[in-house]
Each structure stands twice: as C-alpha cells, then as structure tokens.
Amino acid sequence: MIKTIVDIFRIQKDERWLVLAFLLVSVFLHACCIYCFSGFFLQDSIDNGSVFYSQFHVSGYDPITYAVVTHWGTTYQVFRHPLLAFMVYPLFLLNNGLIALTGYNLVQFLLAAILLVCNIYSVVFLYRIFKDIISVSRFDAILLVFFFYGFAHIMVASIVADHFTVSMFLLIFALYISGRWMQEGRQMTIVQTVVLFVITAGITLSNGVKIFINALFVNGKRFFRPKYLLLAVILPAGMMWLFANWEYRTYVLPQEKARQIALAKKAQVEKERSYRQFMDTTSIMNPEEKQQTFERQYKQQLRKEAQERWESMHKGLPIKGKSIFLRWTDVTTPRWDSMVENLFGESLMLHQDHLLGDTLRERPLIVTYRWWICYVVEVVIVVLWLIGVWLGRKSRFLWLTFAGFAFDMVIHLVLGFGLNEVYIMASHWAYVLPVGIAYLLKHGTSTIVRLTSYLLLLITVFLWLYNGTLLVGYLLG
C-alpha cells in the first residue's frame with residue numbers, strides 16, 4: 001500500500017517541466033505576498049493575532065491560519081472546519097520553535113511551503129485527469145492546467161493562507177483516484193472512504209459530502225449496501241458531528257459565554273445612559289407611559305442598528321430559524337447579478353474597481369467590469385464548458401465532477417451560503433470548467449478541436465496577463 005501511495009505522488013518524467021514552470025511562477029507570487037505583509041507579520045512579539053486581522057486584506061480570505069499557527073486556538077468555525085485547528089497544531093509547534101531560535105515569526109514562509117506543495121500536486125493530478133482519464137492530448141492537458149490556474153481566485157487562493165488551496169488539492173486528488181478506480185473497475189473500500197472523508201471534511205465539512213458523491217459514482221449500487229452505508233458513511237459522518245459538538249462545547253462555548261457576558265454588561269451601561277437621556281428630554285409625565293415609550297423606542301433603535309450593521313457587511317437576510325446552519329443562508333442577495341459578476345465573473349477575472357476588496361468592509365456586493373471584453377471572455381468560457389458537458393454527457397467521470405459542482409451550486413445559489421463573496425469558494429468547484437472543456441477537445445471534430453485549442457490558448461494568455469498584472473500590482477503597490 002505504501003508503494004502504491006509513493007507511486008501516485010511520484011512526479012513522472014513528462015510532468016517535470018510542467019511542475020518546474022508552476023513552481024517558478026508560484027514562488028514569485030508567494031514572494032510578492034510575503035513582501036506585502038512581512039513588515040507586519042515577521043516581528044517576533046506578535047500579540048494574540050489582532051495584527052493579522054487588522055493588516056491582512058485580500059478579498060474575503062481570512063488570516064485565521066496565520067493567527068492559529070502563531071497562537072494556537074480553535075479559532076475556526078468548528079462546525080465548518082472541525083479538525084482544521086488540530087491539523088495545523090504541528091505547524092504551531094514548529095513555528096514557535098523557529099521564533100525561539102531566530103527571533104522572527106516565519107509563519108508566512110511555513111504556510112507558503114505548504115501551499116506550494118498543495119499547488120504542485122494539484123497541477124500534477126489535474127494534468128493526469130486530463131491526459132490519463134479524459135484522454136486529451138498532452139498539449140491540451142498542459143493548456144487546460146494553465147487555463148485553470150489563470151482563473152482569478154485560483155491564482156489568489158494559491159498564495160493566501162486560507163484553507164481553500166488545501167481543500168482544492170484534496171478534492172482534485174480524490175477526483176483523480178476516483179477516476180482511476182472507475183477506469184480499473186475497482187471499488188472504493190470502507191477504509192479508503194473513511195480516510196478521505198475525515199481528511200476532507202475535517203478541513204471543510206461540505207467537502208466530505210463530495211467524497212460520498214465520489215464513492216457513489218465509483219461503487220454504484222454497492223454504495224447502498226448496509227455494511228458500507230453504515231461503516232463508510234453514517235458512522236464517520238456521525239462521529240465528525242459529535243466531535244464538532246464536543247469541540248464547540250469544550251473550546252468555543254466558554255469563550256462565547258464570556259463574550260456574551262461582557263456584551264451584556266456593555267449593553268446595560270448603554271441602555272442606562274440612553275434611559276437617563278430620554279428621561280431628561282421627554283415631555284411625558286405619566287411614569288408608566290414613560291417607561292413603555294422608552295422600551296419601545298429603544299428596541300426599535302436596536303433593531304435599526306442591527307439592520308445597518310448587517311447591510312454594511314453586505315449580508316443578505318437568512319432563512320428564519322434557530323439552527324446555526326440557517327444563519328449562513330441568504331435569501332435576498334440577487335442571484336443573477338451574483339452569477340454574472342461574482343460566480344462566473346470575479347472567480348475567473350478580477351474586477352479593476354475595488355480590487356480584491358472585502359465585502360465585509362468596503363467592497364460593494366456587485367461590482368461591474370470596466371471592459372466589455374471581460375464579459376465576452378466570461379460568456380465564451382461558459383459556452384465552451386456547456387458544449388463540452390453536452391459532448392461528454394455519456395461519461396460517468398464527467399457526471400461525477402458535475403455532481404460535486406451541482407452540490408456547491410445548491411449551497412451557494414439556492415441556500416445562499418457565502419453568496420456575498422462566492423468567488424473565494426472557486427477552489428472548491430472551478431476545476432469543473434476545464435474538465436467540461438476537456439470533453440469538447442476530446443469529442444469535437446479535428447477542426448473544432450484545433451479552433452478550440454487556439455481560442456483556449458488566447459483566453460489563457462489573457463487571464464494570466466490580466467489577473468497576474470492586477471494581483472502583483474495589488475501586492476507590490
């Protein structure tokens with residue numbers, strides 16, 4: 001088994017130049033990112049992490065991992081990232097050892113190394129998906145990899161220390177081995193399913209669902225065998241949920257209670273101040289009427305302030321309910337504009353206005369492009385993808401990939417999770433676009449394939465020049 005794993009991760013001879021090219025580009029982009037923030041993050045005497053939150057501003061990506069690797073804690077949202085804090089704990093130990101030895105916080109360099117490895121192997125497994133599973137030419141496989149990494153929020157996510165690049169690597173790896181197993185007529189075993197689920201769901205819970213989707217396509221009807229369903233699906237999912245609840249009660253709830261007590265005290269002080277001010281200015285004489293009027297006006301003011309805070313962060317209204325998951329939903333953000341400007345817009349091409357701004361701070365929810373060519377490129381990419389999906393409609397591997405994408409779209413477009421900054425989730429689904437186009441290159445006539453390759457090359461060059469220039473300019477500006 002160890003030999004098999006080593007063989008899977010061994011970089012083949014025909015992959016070395018591709019890997020070298022991406023390594024050089026990635027090192028340059030990481031160097032730009034490190035340069036941008038090293039003046040704040042390299043100091044050895046960093047406090048509890050506030051410097052990361054106050055200084056790191058790259059779109060909607062969170063600097064939580066910087067903070068956790070410097071001062072460990074279960075800072076992530078534990079129901080979305082139940083194991084992530086524990087996975088980075090060894091990095092925390094290593095980083096603090098390096099701080100003791102060097103006097104510098106090398107967290108940026110440590111995390112850059114992790115992201116470099118994940119990106120290199122994402123490139124390798126994507127290349128193998130195109131060449132070995134979908135069976136396009138080597139040139140087209142390389143072109144599709146460059147096309148994918150030209151997407152704005154693949155390029156950006158590859159250098160920021162959020163969890164998205166690691167998630168993307170694991171999802172692409174799972175997609176590749178699932179495709180191989182389908183080719184070889186093999187089944188995904190209980191142990192393999194559990195291991196993949198724990199690792200992927202531990203980083204982001206929704207990713208674990210995609211492992212079950214992969215298992216369904218690989219195993220077919222055998223997926224529903226009672227033993228497999230119980231031991232590979234129900235049991236690990238239940239254990240993950242129990243662990244997340246334990247983590248919440250042990251680490252998060254005490255902090256929340258302390259924070260609520262502090263906020264309640266602050267609110268009480270503010271209410272008493274408002275009460276005194278109201279009593280000094282009101283013309284109402286009846287004491288009971290005075291009290292009722294104050295309570296009514298004060299509640300209205302609190303609701304107004306809460307609404308203003310919510311709107312200032314560009315968060316749509318959630319589905320009503322007490323469940324923590326319902327708080328993450330959004331039923332009011334416009335879907336079509338979000339699809340055009342964010343989902344298939346900002347995910348693929350950065351907007352020049354409010355460049356890499358955060359919607360929770362100053363960036364408007366919907367930003368339009370200055371150049372009409374950006375909309376043309378967006379439409380062409382989507383059309384090529386849809387044609388590829390149609391031509392490859394008989395491929396089980398394509399539908400496996402598409403099923404994961406459909407799951408993401410239900411989360412984002414139907415339920416509205418993260419819809420206000422949906423582009424930062426591109427690492428979870430955007431690989432479906434080159435996978436779909438690969439089927440166009442596989443099944444199209446020789447003339448269509450040649451024209452598609454030329455068009456794809458032109459778009460790829462545009463994406464790299466356009467997004468790369470804006471990203472580097474932002475980091476070095």
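This is a predicted model: local features need pLDDT of at least 70, side-chain atom pairs count only at pLDDT 80 or more; totals for chains, interfaces and linings use all residues.

A disulfide is a pair of cysteine sulfur atoms within 2.5 Å. C32 counts as buried, because its relative accessibility is 3%. C118 likewise takes part in no disulfide, the nearest cysteine sulfur being that of C33, 15 Å away. C118 has a relative accessibility of 8% and therefore counts as buried. For the whole structure, the search finds zero disulfides.

The overall form of the chain comes next. The protein chain contains 19 helices and zero strands. Along the principal axes, its C-alpha atoms fill a box of roughly 90 × 55 × 50 Å. The radius of gyration of the protein chain is 25 Å, which agrees with the value near 23 Å that a compact globule of 477 residues would have. Of these 477 residues, 49% are buried. Where contacts link residues at least 6 apart in sequence, 72% of them join residues at least 24 apart. The accessible surface of the protein chain amounts to about 23100 Å², and carbon and sulfur atoms account for 66% of that area.

F344 is found in helix 15, which covers residues 335-346. Its relative accessible area is 9%, so F344 is buried. Which residues does F344 touch, not counting those up to four places away in sequence? They are M339, E378, V382, W385, F405, W429 and L433.

With 54% relative accessibility, L242 counts as exposed. Together with L230, L231, I234, L235 and M239, L242 forms a nonpolar patch on the surface, whose accessible area is about 570 Å² in total.

Charged side chains complete the picture. Side chains of opposite charge can pair when their charged atoms come close. In the whole structure, nine salt bridges are found. One of them joins D7 and R10, with the closest N and O atoms 2.6 Å apart. D7 is partly exposed, at a relative accessible area of 27%, and R10 is also partly exposed, at 43%. A further salt bridge links R186 and E184, where the closest N and O atoms are 3.4 Å apart. R186 is partly exposed with a relative accessible area of 37%, and E184 counts as partly exposed at 44% relative accessibility.

E346 and R363 also form a salt bridge, with 3.6 Å between the closest N and O atoms. E346 belongs to helix 15, whereas R363 sits in the loop between helix 15 and helix 16 (372-391), so the pair ties together parts that are 17 residues apart in sequence. Both E346 and R363 are buried.

How values were computed: Residues are numbered from 1 along each chain as its sequence is written. Side-chain values use heavy atoms; hydrogens and water are left out. Patches are made of residues with over 30% relative accessible area and no salt bridge: like charges are joined within 9 Å, nonpolar side chains (Val, Leu, Ile, Met, Phe, Trp, Tyr) within 5 Å. Accessible areas come from the Shrake-Rupley method with a 1.4 Å probe; for residues, only the protein chains shown count as cover. A salt bridge is a side-chain nitrogen of Lys or Arg within 4 Å of a carboxyl oxygen of Asp or Glu. Buried means under 20% relative accessible area, exposed over 50%, partly exposed in between (1.4 Å probe, protein chains only). Helices (H or I, at least four residues) and strands (E, at least two) are DSSP runs, numbered from the N terminus. Contact means heavy atoms within 4.5 Å. The radius of gyration is taken over C-alpha atoms; the globule rule is 2.2 Å times the number of residues to the power 0.38.
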